[in-house]
Amino acid sequence: MSDLAVMADARLVGNPDQMIGGLATLQDAGHDQLSFLASSQYRKYLASTGAGAVLLTETDAQAFAGNALIVANPYAAYARLSHRFDPKPKSVTGIHPTAVVAVDAVIDPSACIGAGVVIESGVRIGAKTVIGAQCFIGARSSLGAGGWLASRVSIYHDVHVGDRVVIQSGAVLGSEGFGFANDGGHWEKIAQIGGVVVGHDVEIGANTTIDRGALSDTRLGDGVKLDNQIHIAHNVHIGDHTAIAACVGISGSTHIGRHCTIAGGVGMVGHIEICDNVFVTGMTMVTRSITQPGAYSSGTAMQPAAEWRKSAARFRQLDSLAKKVQQLEKQLLAVTQDSQDWSQS
């Protein structure tokens, strides 16, 4: 356990020789597993946990008699230590014999190119980057050092990805944006001649799509984290260290600032700007720019269906109710004025 304490920069309380062979929740952990307490709602399990050791804050450690690793942020410490126990298979350096690689592609000798991968002309692959089976890397694209692509990732032409980027299966980078001009009722396709630029330490979830720019590039800053099944349209810019949950749709040319958090199912119209340090709650529809940091929501919260139907009926009546209130206010103002005139006469 002492080596884990060093990795987590933790103060060790208890037996430094305790063997730890895995990670588990407080409820399920056994004597050779490490657990953590990151939320007060799970504090009730601390007294009964069978964990060999627990990541705890100083305050929570006072109520725990077992082995502990004392840290300021148990969840962040768990995140760092989780890689020690990751069962992901190790990649083998080199190019699989079934891969199809253009003769002018530049691939670092320490990279791993999996079975059935297709790499087109002018591609550059950085040191220790892993490209999983059946990935496609289009012409003139580049991947930095230390990246990891799961199987079946598609990267179109002229896409540039930074260092230590993780891309999950089914993700598509550089697909053509939804650009059409209406000409007398017929749609004229607009060539999407921009690219995609992805910063360092970015993670992109499964089946997420990032469209290429129409003229300039679609851009993701350093440290951006994208969940599964997100759509990012052409010319969108996302600032450093912004995190976006699943099923979000961002329309074209929207600019999102740094350190924002966008919850699941959010929709954003195009050509708006979101400033830094904004939190948008789940299922919100963002229809205009946000210029002040803070939390933003739209829509109605869940309620029993019968109550919701009554509320929905009242929503449809809001316009007429507002007009009636305005009429009543005018009548009240007239009555008040008449009363004042009478009292003064």
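User: How much space lies in the largest pocket?
Analyst: About 480 Å³ of space lies in the largest pocket. This is a predicted model, in which local features need pLDDT of at least 70 and side-chain atom pairs count only at pLDDT 80 or more, while totals for chains, interfaces and linings use all residues. Residues are numbered from 1 along each chain as its sequence is written, and side-chain values use heavy atoms, with hydrogens and water left out.

User: What counts as a pocket?
Analyst: On a 1 Å grid over the protein atoms alone, where a 1.4 Å probe is used, a pocket is an open set of points with protein on both sides within 12 Å along at least five of seven lines; lining residues have an atom within 4 Å of a point. A volume is the space filled by probe spheres set on the points, which are joined across faces, edges and corners.

User: Which residues lie nearest the centre of the largest pocket?
Analyst: They are His-83, Asp-86, Lys-88, Lys-90 and Trp-148, out of 15 lining residues. By class, the lining has five nonpolar, four polar and six charged residues. Here Ala, Val, Leu, Ile, Met, Phe, Trp, Tyr, Cys and Pro count as nonpolar, Asp, Glu, Lys and Arg as charged, and the others, Gly among them, as polar.

User: And what is the volume of the second largest pocket?
Analyst: Its volume is about 220 Å³. Among the residues that line this pocket are Met-285, Arg-288 and Tyr-296. The lining comprises four nonpolar, seven polar and one charged residues.

User: Changing topic: which residues of helix α3 are buried?
Analyst: In α3 (residues 74-82), Pro-74, Ala-77 and Leu-81 are buried, that is, under 20% relative accessible area with a 1.4 Å probe, protein chains only. Seen down the axis of α3, these buried residues fall within an arc of 60°, so they line one face of the helix. The arc is that of the directions from the helix axis to the C-beta atoms. Helices (H or I, at least four residues) and strands (E, at least two) are DSSP runs, numbered from the N terminus.

User: What covers those residues of α3?
Analyst: The cover includes α1 (2-7), β3 (33-36) and β4 (53-56), where contact means heavy atoms within 4.5 Å.

User: In what order do the strands of the open sheet run?
Analyst: The nine strands have the order β8-β11-β14-β17-β22-β25-β28-β31-β34, with parallel pairing. The edge strands, β8 (106-107) and β34 (273-274), each pair on one side only. Two strands pair if DSSP finds at least two bridges between them.

User: Which residue stands opposite His-237?
Analyst: His-255 in β31 stands opposite His-237.

Technical notes. Buried < 20%, exposed > 50% of the residue type's maximum accessible area, 1.4 Å probe, protein only.
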